[in-house]
Structures are given as C-alpha cells and as structure tokens.
Amino acid sequence: MAMEVDGDGVDGILQKLLAPPSPQSMQNYYAELSKQGAGAGLQVRRMDGDTGKGVFANEDFEAEELVLREPPLVGAQHSRNKRDAIVCSNCFRYVGSIELQLARRLLLDDGSLSEADDNANHDDMDADGESTTSMNDEDQDEMEPEDTNDIDDDCGCSGESKKKKKALPSDARSALESGALELPYSDRFPLPDVVPCKGGCSDDVYCSDKCAEAAWTNHHSLLCTGPSSRCKNIDALVSFKEFTNETNDIFHIAAQVIAATVLRARKLEGSIKCKHESALLKAWEPFAMGFKLLWWETVALPPDVDPADERQFRDQMKDIAAQSLTLLKKAIYEDKYDPLFSLDVYGRIIGMFELNNLDLVVASPVEDYFLYIDDLPPAAKAEAEAYTKPFLEALGDDYAAYCEGSAFYTLQSCMNHSCRPNARAFKRDEDRDGHAVLLALRPIKKGEEVTISYIDEDASLEERRAALADYAFLCRCSRCLEES
C-alpha cells in the first residue's frame with residue numbers, strides 16, 4: 001500500500017525523504033524482505049541507543065559456516081578497473097573468455113587498442129577509481145589465494161619479487177587483435193558469453209539476458225548512453241559520467257539510486273494509481289533504511305589537509321557534489337519528483353555509501369588459469385608455456401588483477417561493528433560474483449547479534465578509535481571497554 005502524504009507540498013516531501021524510517025516501517029520492510037528469502041537465518045531488529053538497528057541470528061551458526069550471501073542493492077565497478085576486468089554490470093561475474101580478458105588488459109595497456117576499438121573488433125564482445133569503503137585491508141587480503149607465493153618463479157607468478165613487464169611479441173599481439181587466439185586449456189575456464197546492453201551503450205555488458213533485463217529495469221534504462229536509452233539528455237549524461245570518472249566513482253552509485261527511485265515511482269503510479277508524492281516515498285523505501293549523513297560533513301579529513309583548512313575542504317567536497325548533481329539533473333530530472341533531486345538528498349545518498357558501503361571484489365579467472373598452467377605435470381607445463389609465457393610476462397605482477405568496485409548491501413549495511421566480531425567478509429572459491437559473503441568466525445547462537453569489523457581489529461585501542469572516527473561513533477564493544 002502506498003504511503004499517505006499529508007499534502008504539505010515539496011518541502012514536506014523533502015523532509016519525509018530525509019527523515020529516518022519509523023520503527024514500524026523498518027520492521028515491516030525487513031519482515032517483507034525475510035518473507036522473500038533474503039538473509040535466511042537472520043533478523044534485523046531495532047535497538048536502543050545510538051546503533052539504531054542490528055542483525056541477529058535466527059538460528060545457530062557453526063564456526064566458518066555461511067552466515068550471509070547477499071547481492072548488492074546498487075553497485076558499480078571502479079571506472080579505472082574496467083581496463084583490468086570485463087564483468088557483468090549487474091552481478092559482476094567475469095564474462096567472455098580468458099583470451100578476451102587478456103585482450104582487454106594487454107591491448108589497452110600498450111595503447112594499441114582503445115576501449116571503443118575493443119568493443120568494435122571482437123565478435124564476442126559488443127560492449128564492454130576511487131572509492132570510500134567499509135571493508136578493511138585485512139578483509140581484502142583474505143581474498144588473496146594462500147598459495148600465490150608458492151608458484152614456480154619460472155612461471156612469473158611469484159609474489160616474492162617484482163618482475164618488469166615485457167613487451168608482447170608481435171605475433172601474440174596480432175592473435176589478440178584478430179580474436180584468433182586460443183590458449184591451451186583455456187576451455188577449462190569457461191565464462192558466460194558477453195550480452196550487450198539493451199540500450200546499445202558501450203559502457204556496460206552482462207552475463208545473461210536476465211542480468212541485462214534486471215539492470216535495465218532497475219536503473220540502467222535512465223543511465224544508458226546508447227541509442228535506445230530512455231535518458232532525455234544523452235550529452236548531459238555523458239558529461240556526468242566523465243565528471244564522475246575524473247572525481248569520485250561513488251557518484252555513479254548515487255545516480256543508480258536516483259534512477260532506481262524514479263523508475264520504481266513511475267511503476268507504482270501506473271500499477272496502483274497512487275499520487276506521485278506517495279509513489280516517490282514508497283519507491284525511496286529501500287534507501288530510506290540506510291544510515292545517512294551529509295557526505296561532505298562525513299568524509300574523513302585527508303592526512304595532508306591542515307585541520308585549520310577543514311571548512312574549506314568540506315566546502316570543496318560540497319561543491320563537487322553539487323556539480324555532479326547539476327549534470328545528473330540535466331540528464332534525468334523529472335519535475336514531479338523534484339525533492340529527490342535536491343542537494344540535501346543527494347549528499348545524504350553519498351554519505352550513506354561513505355558509512356555503509358563495502359568493497360566489491362571478485363577474483364580473476366585469469367589468475368586461476370595461470371595457476372592451473374603452473375601446476376601441470378612438467379612436460380605438459382613446458383608445452384603450454386610455449387604459448388602462455390609471453391602473455392604472462394606482458395602482464396607482469398598484475399596478472400592477478402581483480403574486479404574491484406563499491407556496492408551497497410541491504411542487510412550487510414545493518415550489521416554493527418565490533419572490535420571482537422563474530423563474522424567476517426570472506427569470498428570462498430565458489431563465490432565468483434559481487435555478492436557480499438559473510439562467514440562465522442566462531443559459533444553464533446540463536447538470538448545473538450551478528451557483528452563485523454569495519455576496520456583492522458588487530459590495531460591498538462587508540463588506532464581503532466582513530467579509524468572509527470570516520471564512522472561517527474565511539475566503539476563500546478567488550479574489547480574496547482576491557483582495554484580502556
């Protein structure tokens with residue numbers, strides 16, 4: 001049922017968008033998610049005090065048992081990472097083939113192929129930054145294979161020493177450019193075929209028609225720069241994306257939130273005949289649940305900024321956000337949803353990511369492939385390396401570059417921090433997409449709160465408190481109380 005609006009106009013709607021959800025609406029929202037199967041074995045509850053809400057176990061979990069596997073509500077690959085990995089823009093699985101992934105990496109790196117040329121020259125590929133995250137360095141280190149440093153130095157994969165990249169031989173480059181390259185054993189690492197964007201843009205590709213349709217329906221139809229886009233001003237959208245790539249990738253995800261809310265509101269207006277104000281508030285509901293502060297007031301002060309210049313720094317951040325929003329409004333603004341396009345709302349959307357988002361990391365099948373070659377019996381390995389070694393040497397130490405991005409996860413974002421957490425972010429071998437994956441660090445009993453660490457919990461009390469200052473709270477977990 002659509003939310004009731006009391007007729008207090010644009011300012012009233014804006015205040016409703018900015019207001020935290022009521023306890024009842026929060027309970028109803030997460031209960032509905034649970035009915036749909038999200039977070040089986042978990043329950044979001046309202047909590048007293050500053051924490052607001054938390055995630056609790058609805059069943060017992062053993063140590064190392066899967067606690068949560070959750071797709072992102074919104075997310076994007078870092079713009080600079082797109083030259084390292086061709087992935088589905090919806091679920092972030094690698095697509096194409098090992099050979100296609102190598103072509104993207106090596107031909108773009110040596111300047112012999114632009115991204116536009118790459119899109120045009122491969123029959124199986126019609127289309128193809130900076131981030132603020134809450135996953136700490138230790139969590140990302142856990143993504144690294146434990147045996148990387150045990151690889152034979154002759155393979156060139158060893159993590160023990162830095163190796164200079166070697167130029168790709170002309171015959172190997174020609175094979176990549178023509179699409180004729182077939183590496184030995186690469187068929188043992190099959191990837192989904194590349195599915196182009198429904199709107200015909202070259203910015204995004206998908207692993208299936210299902211993912212392409214999901215992204216198009218959710219937000220991409222308004223953010224597509226292709227000929228079939230539903231964006232009313234493609235030139236402005238291109239300018240927005242260029243500005244975002246040059247400043248902060250987080251604006252891409254903020255645009256997804258705006259576009260998704262607009263598209264949901266339109267659908268609600270058409271399906272249940274509600275007023276556009278009610279439709280807007282209902283469409284905003286998934287994002288209303290996130291904890292939001294103004295981005296420019298929340299972002300951590302960089303170490304190289306003098307505290308005396310803090311106000312100037314924050315004003316500059318606000319100006320960057322305003323410039324971004326101005327470009328986005330030129331592209332997809334709708335007058336009847338005007339409150340959604342206010343700087344206050346936009347700043348809090350970005351602030352929500354500052355406080356709640358997680359690193360999106362997907363391990364590379366290219367790394368798996370070269371590790372497989374290195375583990376072959378000596379005779380088979382020597383035969384295979386006659387073909388593979390030039391490519392590995394051209395990649396150098398970057399052969400294992402992962403897909404990297406940022407995302408917002410509905411349930412994971414509700415999990416509170418503890419310096420003595422009982423769960424951790426950890427991708428298993430089978431986790432080959434952008435889902436958030438949490439495993440139990442120790443047995444978790446039914447009714448116990450599930451907590452994670454936003455920072456390096458091995459740091460000292462002073463270091464942890466300094467790091468947590470970025471999240472605008474003072475930790476009072478059992479460990480901090482003991483150590484203080």
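**Helix packing in a predicted model**

The protein chain of this predicted model has 17 helices and 12 strands, where helices (H or I, at least four residues) and strands (E, at least two) are DSSP runs numbered from the N terminus. Residues are numbered from 1 along each chain as its sequence is written. In this predicted model, local features need pLDDT of at least 70, side-chain atom pairs count only at pLDDT 80 or more, and totals for chains, interfaces and linings use all residues, while side-chain values use heavy atoms, without hydrogens and water.

User: Why are H12 and H13 called roughly perpendicular to each other?

Analyst: Helix H12 (residues 310-332) packs with helix H13 (residues 343-356) at about 110°, the axes being 10 Å apart. Axes are lines fitted to C-alpha atoms, for helices over the stretch in contact, and angles run from 0 to 180 degrees between N-to-C directions. Angles of 65 to 115 degrees count as roughly perpendicular, under 35 as roughly parallel, over 145 as roughly antiparallel and the rest as oblique; H12 and H13 are therefore roughly perpendicular.

User: What makes the contact of H12 with H13, by residue and by class?

Analyst: Contact means heavy atoms within 4.5 Å. Lys318, Ala321, Ala322, Ser324, Leu325 and Leu328 of H12 make the contact with Leu343, Tyr346 and Ile350 of H13. These residues divide into 7 nonpolar, 1 polar and 1 charged, with Ala, Val, Leu, Ile, Met, Phe, Trp, Tyr, Cys and Pro counted as nonpolar, Asp, Glu, Lys and Arg as charged, and the others, Gly among them, as polar.

User: Why are H8 and H9 called oblique to each other?

Analyst: Helices H8 (residues 234-247) and H9 (residues 250-272) pack at about 140°, with axes 8 Å apart. H8 and H9 are therefore oblique.
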